[in-house]
Amino acid sequence: MTSASPTPSVRTRFPHLRQDFAASLVVFLVALPLCVGVAVASGVPAELGLVTGIVGGIVAGLMPGSSLQVSGPAAGLTVLVFEAVREFGLPALGVIVLAAGLLQLAMGALKLGRWFRAISVSVVEGMLAGIGLVIIAGQLYAAAGLKAPASGLDKIAGLPGAFVDALGSTAALASLGLGAGTVAVLVLWKRLPKKVQAVPGALAAVVLATVVSLAFSLPVADVEVKGLLDAIQPPGLDAFGELASPAMLGTILAFTLIASAESLFSAAAVDRLHDGPRTEYDKELMAQGAGNTVCGLLGALPMTAVIVRSSANLQAGAKTKASRVLHGVWLLLFAALLPGALALIPLPALAGILVHAGWKLIPFREVVSLWRAHRGEALILVATAVAIVVVNMFEGVLIGLALSVAKTAWEASHIKLEVIDKGAGPVQAYLSGNATFLRLPKILDSLESLPQDRPVELHLSGLHHLDHACRTALESWAERHSATGTEPVKVTSGTL
């Protein structure tokens with residue numbers, strides 16, 4: 001009689017469970033204040049930020065793609081979400097997020113994920129810088145307990161007046177002081193001993209701000225709590241009727257492109273931080289799409305992969321996707337068992353966390369290094385950021401992409417004209433490179449300066465590309481260039 005084979009132990013089946021369990025607790029503590037802060041900054045109930053964090057951990061976390069990347073509500077989308085809620089209302093947010101998720105699933109299925117790597121890094125960093133500036137400006141108002149203007153430019157322009165108003169109000173000064181103290185804790189936390197840093201800085205800052213607010217009975221606003229089930233509002237049928245609106249379709253496209261780009265660029269950054277399996281971009285895009293589809297059905301915030309939580313996951317020693325799934329479980333347990341704890345958090349503390357997050361989105365070092373090595377790229381970065389602040393996020397990103405394409409086209413259209421004149425016989429002109437309409441004025445100026453009373457031979461064998469505009473212009477020049485009695489221009493090694 002043969003004995004049954006022994007059942008594999010938990011340690012055998014899950015060899016990295018201890019590391020992943022510990023990492024999941026760290027990520028949970030990092031994610032908790034950020035989920036709530038992003039939701040409040042986006043103008044939606046705080047619980048919806050937790051819902052998105054839960055979905056990002058459990059749904060997206062279980063799917064293939066990037067094994068160590070953590071998803072949830074992102075500071076980078078607060079501006080877009082706030083504008084969408086203001087324009088279409090909270091019930092429409094679920095429809096927008098649902099449609100964006102379905103688009104991401106389709107793009108992943110069509111193998112389009114890898115193409116996001118072709119987007120200029122300058123445009124992405126410019127997008128993050130513009131978002132960071134708008135977040136900082138908007139949250140400075142929130143830190144003082146004041147209402148922020150609608151547009152990014154008005155937010156920045158109105159800061160001096162808001163500061164003067166805050167000086168005249170005891171409540172505003174108390175609120176602003178609490179927010180500034182939160183930022184100070186976040187900045188100084190990294191300088192404390194490593195054992196102290198085991199507690200995430202964002203969590204420590206929120207807890208300290210809450211204790212100070214309660215101890216001194218500060219006249220500051222706290223987070224409003226509805227309860228998890230009350231906050232979840234699946235979109236109704238009437239909300240889907242707005243899909244015919246061009247404005248909503250544009251917003252859906254903006255959500256899709258920006259969330260996808262942010263997630264996949266985060267994946268590339270995470271891959272540089274570890275030696276494990278590389279991200280499968282198309283599968284990761286589908287994981288993000290599945291998560292956003294669920295978030296949309298629940299009426300929650302959109303989700304992206306978040307570099308802050310992902311790097312915390314890696315630094316805490318995570319080995320598999322179990323850590324990100326478990327962090328979603330902890331968020332769910334907190335939202336279900338301790339929702340009242342959210343009502344103790346002062347809003348200025350969350351504003352301070354978002355100000356700090358917005359500052360970290362601005363790539364100061366990258367701008368300096370780009371200016372030294374590639375000034376054109378640095379200008380695109382700055383122009384994208386300024387456009388987002390002045391216009392809005394979607395159109396600002398489109399402006400950045402257009403500038404990037406124009407710069408690339410300009411650099412690709414190198415053209416060289418070499419003229420050989422031996423004093424007797426025809427003047428020989430050699431064109432080489434790429435002849436495009438972008439360089440047409442330069443080409444024609446050079447050709448029209450050739451003598452009209454001498455025979456001219458135009459050699460095109462050195463051209464790699466000749467577009468229609470240049471072809472037509474060269475035909476016209478060749479027909480009219482030669483003076484009467486002079487041989488017409490002879491074109492060789494090419495056909496006009």
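Which helix gives the largest share of the lining of the second largest pocket? Helix H4 does, with 8 residues. The model is a predicted one: local features need pLDDT of at least 70, side-chain atom pairs count only at pLDDT 80 or more, and totals for chains, interfaces and linings use all residues. Residues are numbered from 1 along each chain as its sequence is written, and side-chain values use heavy atoms, with hydrogens and water left out.

The second largest pocket has a volume of about 1000 Å³. A pocket is defined on a 1 Å grid over the protein atoms alone, as an open set of points where a 1.4 Å probe fits, with protein on both sides within 12 Å along at least five of seven lines. Lining residues have an atom within 4 Å of a point. Grid points are joined across faces, edges and corners, and the volume is the space filled by probe spheres set on the points. The lining counts 49 residues. Closest to the pocket centre are Ala 41, Phe 82, Gln 139, Ala 148 and Lys 155.

Helix H4 spans residues 78-88. Helices are DSSP runs of H or I with at least four residues, strands are E runs of at least two, and both are numbered from the N terminus. Buried residues of H4 are Thr 78, Val 79, Leu 80, Val 81, Ala 84, Val 85 and Phe 88. Buried means under 20% relative accessible area, exposed over 50%, and partly exposed in between, for a 1.4 Å probe and protein chains only. The cover over these H4 residues includes helix H2 (17-41), H5, H6, helix H13 (246-271) and helix H20 (393-412).

Ile 252 is buried, at a relative accessible area of 4%. Contact means heavy atoms within 4.5 Å. Residues up to four places away in sequence not counted, Ile 252 touches Ile 96, Ala 99, Ala 100, Leu 103 and Leu 243. Leu 218 and Ile 252 are 34 residues apart in sequence. In space, their C-alpha atoms are 41 Å apart.

Ser 323 lies in helix H16 (residues 322-337). Ser 323 has 0% relative accessibility and therefore counts as buried. Beyond its neighbours within four places in sequence, Ser 323 is in contact with Asp 20, Ala 23, Ser 24, Asn 313 and Ala 318.

Two loop residues stand out by backbone angle. Most residues other than glycine have a negative phi. Lys 111 has a positive phi, near 65°. Lys 111 sits in the loop between helix H5 (90-109) and helix H6 (121-143). Its relative accessibility of 48% makes Lys 111 partly exposed. Ser 217 has a positive phi as well, near 50°. Ser 217 belongs to the loop between helix H10 (201-215) and helix H11 (228-231). Ser 217 is exposed, with a relative accessible area of 59%.

An open sheet is formed by 4 strands in the order E3-E4-E5-E6, with mixed pairing. Two strands pair if DSSP finds at least two bridges between them. Strand E3 (415-420) and strand E6 (490-492) are the edge strands, and each pairs on one side only. Neighbouring strands are turned by 20° against each other on average, direction ignored. Axes are lines fitted to C-alpha atoms, for helices over the stretch in contact, and angles run from 0 to 180 degrees between N-to-C directions.

E3 and E4 run antiparallel and are joined by 6 bridges. Val 419 has Ala 429 in E4 as its bridge partner. The hairpin of E3 and E4 has 6 residues between the strands. In this hairpin, Gly 423 takes a positive phi near 90°. Strand E4 (residues 427-435) and strand E5 (residues 456-466) run parallel, joined by 8 bridges. Val 427 stands opposite Val 456 in E5. Helix H22 (residues 468-481) lies across E4 and E5 and runs at about 180° to E5.

The structure holds 0 disulfides. A disulfide is a pair of cysteine sulfur atoms within 2.5 Å. The sulfur of Cys 295 is 10 Å from the closest cysteine sulfur, in Cys 35, and this is too far for a bond. Cys 295 is buried, with a relative accessible area of 0%. Cys 470 is buried, with a relative accessible area of 1%.
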